[in-house]
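Work through the exercises below with the sequence and the model open. Try each task before you read its solution.

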Amino acid sequence: MDNNFRQVKDDLMKEWFEFLEEYRFCYSTEEDKKHYIKFDEISERILKNVPKQNKKYVMKQLDLLDRNFLDYVCYYNEKYYRNGFVDGVQLIVGCFIE
């Protein structure tokens, strides 16, 4: 099989992930809400206990941590969902190739 499904130009799977992300945030169940990362609440509690002269620095680091964590989650989800999907497609296609 010459097709490389892992490298695409028109990335429908990425668009699907973005759609699901928007959809899930709008229609979360109570169970989903229990497992949210409460980053803003945690950040506020940390900042309340930081001396005034260090708040700006700590706030910047917390923002960096938040962005880094979000990037990691997006990377991880895309990598493993995409690879799992591609593996499944390749298994199915392999059944039809002689």
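Patches are made of residues with over 30% relative accessible area and no salt bridge; like charges are joined within 9 Å, and nonpolar side chains (Val, Leu, Ile, Met, Phe, Trp, Tyr) within 5 Å. A salt bridge is a side-chain nitrogen of Lys or Arg within 4 Å of a carboxyl oxygen of Asp or Glu. This is a predicted model, where local features need pLDDT of at least 70, side-chain atom pairs count only at pLDDT 80 or more, and totals for chains, interfaces and linings use all residues. Residues are numbered from 1 along each chain as its sequence is written, and side-chain values use heavy atoms, leaving out hydrogens and water.

**Exercise 1. Describe the fold.**

Step 1: count the elements. The chain has four helices and zero strands. Both are DSSP runs, numbered from the N terminus: helices are H or I with at least four residues, strands E with at least two.
Step 2: read the order. From the N terminus on, it is α-α-α-α.
Step 3: check burial. Of the 98 residues in the chain, 11% are buried. Buried means under 20% relative accessible area, exposed over 50%, partly exposed in between (1.4 Å probe, protein chains only).

**Exercise 2. Find the negative surface patch and its helices.**

Step 1: pick the charges. Asp and Glu count as negative, Lys and Arg as positive; His and the chain ends are not counted. Each charge is placed at NZ of Lys, CZ of Arg, CG of Asp or CD of Glu.
Step 2: list the members. They are Asp40, Glu41, Glu44, Asp63 and Asp66.
Step 3: assign helices. Helix 3 (39-48) and helix 4 (55-96) each supply at least two residues. Helix 3 gives the largest share, three residues.
Step 4: inspect one member. Asp63 lies in helix 4. Asp63 is partly exposed because its relative accessible area is 41%.

**Exercise 3. Find the nonpolar surface patch.**

Step 1: list the members. Ile37, Phe69, Tyr72, Tyr75, Tyr76 and Tyr80 form the patch, with about 670 Å² of accessible area together. Areas come from the Shrake-Rupley method with a 1.4 Å probe; for residues, only the protein chains shown count as cover.
Step 2: inspect one member. Tyr76 lies in helix 4. At 40% relative accessible area, Tyr76 is partly exposed.
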